[in-house]
Amino acid sequence: FVFDGSKITVIEGTDTNYSIVNMAGDEIEAAGTDTDGNAYYIAADSDVAAVEIAKKGGSYAFEGTASDSSISVKKDSTAKVSILSVAGTTNTLTDNAYNNDDIYTDNSNAENAVIKAKDGSDVTIGGTGKLIINGNGKNGIKAATNLTIEDVDLTVKSVNNAIASDTEMTIKSGTINVESGNDGIKSCNGEAPIGSITIEGGNITVDSVGDCIVATRTLTISG
């Protein structure tokens, strides 16, 4: 996927379990094709175009800069999904304040995060490129189950939690810089004692209003 403002160009790979959707979650039609025959999608005025990965998952690479866009893995998915930042590129994903249904209660389709993985999916964020995430709505990265981060040069700025998983998070390697209006790196699911964080390596810097790193069950740092 190549992001360019409100435009998403799809360069087909092996895995094609995705849809390009609008803010309401409805699939949108391609606006045309580029000179290489790749389909591109453009959000309508006052709407967004987002990548929604289906239950079968897969491995997807992306590059570019997106405004008012997100990546989400569908609810009740058992997929293993890899989101990879392309080597040698700097990539930015940014949402807007409306992506928060706590404040904008009329927005029933808010994902409340720039990258959102829903129940049942295992998500890895990696690649050797640079990824910048600006969570202007609520969270930067939010996973309902297992989240792994490796290799990537990752910067997350968010008004609420920067990087969060309800159950389990593993940081294997990479460079991670976090600025958050609430907690920085978090694994927690309400009152249930099931949140675990394992840090095996990497260079991590956290500047947060709340806790820098918090896990409700176990926090293991080995690298």
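The legends below describe close-up views of a predicted model. Residues are numbered from 1 along each chain as its sequence is written, and side-chain values rest on heavy atoms, with hydrogens and water left out. Because the model is predicted, local features need pLDDT of at least 70 and side-chain atom pairs count only at pLDDT 80 or more, while totals for chains, interfaces and linings use all residues.

**View 1. The largest nonpolar core and residue I20.** A nonpolar core is a set of buried Ala, Val, Leu, Ile, Met, Phe, Trp, Tyr and Cys residues joined through side-chain atoms within 4.5 Å. Buried means under 20% relative accessible area, exposed means over 50%, and partly exposed lies in between (1.4 Å probe, protein chains only). The largest core has 41 residues, and those touching the most other members are F1, I20, V51, I141, L147, L154 and I163. With three residues, strand β11 (residues 113-117) gives the most to this core. Strands (E, at least two residues) and helices (H or I, at least four) are DSSP runs numbered from the N terminus. In soluble globular proteins, nonpolar side chains tend to be buried together. Contact means heavy atoms within 4.5 Å. Not counting residues up to four places away in sequence, I20 touches F1, I8, V10, D26, E27, I28, Y41, A49, A50 and V51.

View 2. Cavities are found on a 1 Å grid over the protein atoms alone, as sets of points where a 1.4 Å probe fits but cannot get out; lining residues have an atom within 4 Å of a point. Grid points are joined across faces, edges and corners, and a volume is the space filled by probe spheres set on the points. The count comes to one cavity of 30 Å³ or more. About 40 Å³ of space lies in the largest cavity. Its lining is made of F1, V51, I53, Y60, A61, F62, I71 and I83. Two or more lining residues come from each of β6 (50-53) and β7, with β7 giving the largest share, three residues. By class, the lining has eight nonpolar, no polar and no charged residues. Nonpolar here covers Ala, Val, Leu, Ile, Met, Phe, Trp, Tyr, Cys and Pro; Asp, Glu, Lys and Arg count as charged, and the others, Gly among them, as polar.

**View 3. The second largest pocket.** A pocket is an open set of grid points with protein on both sides within 12 Å along at least five of seven lines. The second largest pocket holds about 170 Å³ of space. It is lined by 15 residues, of which F1, I11, G13, Y60 and A61 are the closest to its centre. Strand β7 (residues 58-67) gives the most to this lining, with five residues. The lining divides into nine nonpolar, three polar and three charged residues.

View 4. N161 is found in the loop between β16 (153-158) and β17 (163-165). N161 counts as buried because its relative accessibility is 9%. A polar contact is a pair of N or O atoms within 3.5 Å; within protein, one must be able to donate a hydrogen and the other to accept it, and residues adjacent in sequence count only if both atoms are side-chain atoms. The side chains of N161 and N182 are joined by a polar contact of 3.1 Å. Leaving out residues up to four places away in sequence, N161 touches K138, N139, G140, N182, D183 and K186. S208 is found in strand β22 (residues 203-208) and counts as buried at 16% relative accessibility. A polar atom of the S208 side chain lies 3.1 Å from the backbone oxygen of D211, and the S208 side chain reaches the backbone nitrogen of C212 at 3.5 Å. Apart from neighbours within four places in sequence, S208 is in contact with S180, N182, D183 and G184.

**View 5. Two loop residues with positive phi.** Most residues other than glycine have a negative phi. N112 is not a glycine, yet has a positive phi of about 65°. N112 lies in the loop between β10 (90-94) and β11, and counts as buried at 12% relative accessibility. D151, also a residue other than glycine, has a positive phi near 70°. D151 lies in the loop between β15 (146-149) and β16, and is partly exposed, with a relative accessible area of 46%.
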